[in-house]
Amino acid sequence: MSHEIRALSEEDLPLLQEMETYCFPGEEWTQKMLLSHLEYHQAFVRPQETPKTYALVCETPWEVEIFRIATLPDYRKQGEGKKLLFSLFQTYPTKDFFLEVKENNIPAIQLYETSGFQILEKRKNYYPDGSTAIIMKRNKEL
Ligand SMILES: CC(C)(COP(=O)(O)OP(=O)(O)OC[C@H]1O[C@@H](n2cnc3c(N)ncnc32)[C@H](O)[C@@H]1OP(=O)(O)O)[C@@H](O)C(=O)NCCC(=O)NCCS
């Protein structure tokens, strides 16, 4: 595993909860959801004393799905998200990556498009608020 990344464990639940609160106000995952994610899937930060960015992913035998990636508001547009994303690619070099993103989430779409993701399809009325989802894929390193 790359030294530029740290896998989180259930001990990191308070850190994850705090970051969720700052990064997704009003849409944060509950403690139960985060704990369940840590139990069954994977979560990562960059190895900083105080992490600025984190990712929640789900690895299957065929692919890696990114459920969430976020950077604390004060540290955005400083390359943090992209560094973590590229460390994820190094961590899973043999896997394709998938994700879904709201069509109006321009910062996230910029991050993904400048990191090698391409649009696979759009799904209208996908989210509870009626907005469209964009499904994106990044092919494994060949
Ligand atoms: C999306 C998000 C993770 C980006 O993190 P970040 O650390 O600010 O991203 P970076 O600084 O690494 O930027 C990556 C690229 O996206 C671009 N970008 C980032 N924010 C942008 C914005 N607000 N507008 C336009 N482009 C933007 C950067 O210019 C950069 O491109 P470049 O490398 O070609 O210059 C961050 O905005 C965030 O946490 N948003 C809230 C949570 C969220 O919506 N997550 C995604 C869905 S789960």
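N125 counts as exposed because it has 10 C-beta neighbours inside 10 Å. The scale behind that word places C-beta atoms from the backbone and counts the other ones within 10 Å of a residue's own: 20 or more make it buried, 12 or fewer exposed, and anything in between partly exposed. Before going further, please keep in mind that this is a predicted model, in which local features need pLDDT of at least 70 and side-chain atom pairs count only at pLDDT 80 or more, while totals for chains, interfaces and linings use all residues. Residue numbers start from 1 along each chain, following the sequence as written.

Back to N125, which sits in the loop between β6 (118-123) and β7 (133-138). Helices and strands here are DSSP runs, numbered from the N terminus: a helix is H or I over at least four residues, and a strand is E over at least two. Most residues other than glycine have a negative phi. K77 is another residue of this kind, a non-glycine with a positive phi near 60°. You will find K77 in the loop between β4 and α3, and with 10 C-beta neighbours inside 10 Å, K77 is exposed as well.

Next, follow the chain back from α4 into the loop that joins it to β5 (96-102), where N105 lies. N105 is partly exposed, with 13 other C-beta atoms within 10 Å. Its C-alpha is 9.9 Å from that of I134, a residue 29 places away in sequence. E100 is partly exposed, with 16 other C-beta atoms within 10 Å. By contrast, 20 Å separates the C-alpha atoms of E100 and V45, which are 55 residues apart along the chain.

Past β7 comes the segment that holds E141. E141 is exposed, with 11 C-beta neighbours inside 10 Å. Beyond four places in sequence, E141 touches F89 and P93, and its C-alpha atom is 8.8 Å from that of Q90, 51 residues away along the chain.

Our last stop is a pair of helices, α1 (residues 13-23) and α2 (residues 31-40), whose axes come within 10 Å and cross at roughly 125°. These axes are lines fitted to C-alpha atoms, for helices over the stretch in contact, and angles run from 0 to 180 degrees between N-to-C directions. How are the two helices oriented to each other? They are oblique, because angles under 35 degrees count as roughly parallel, over 145 as roughly antiparallel, 65 to 115 as roughly perpendicular and the rest as oblique. The contact is made by L13, L16, Q17 and E20 of α1 together with Q31, L34, L35 and L38 of α2. By class, that contact has five nonpolar, two polar and one charged residues. Helix α1 also holds P14, which is exposed, with 10 other C-beta atoms within 10 Å. P14 and L35 are 21 residues apart in sequence and 10.0 Å apart from C-alpha to C-alpha.

Conventions:
Contact = placed C-beta atoms within 7 Å. Nonpolar A, V, L, I, M, F, W, Y, C, P; charged D, E, K, R; others polar.
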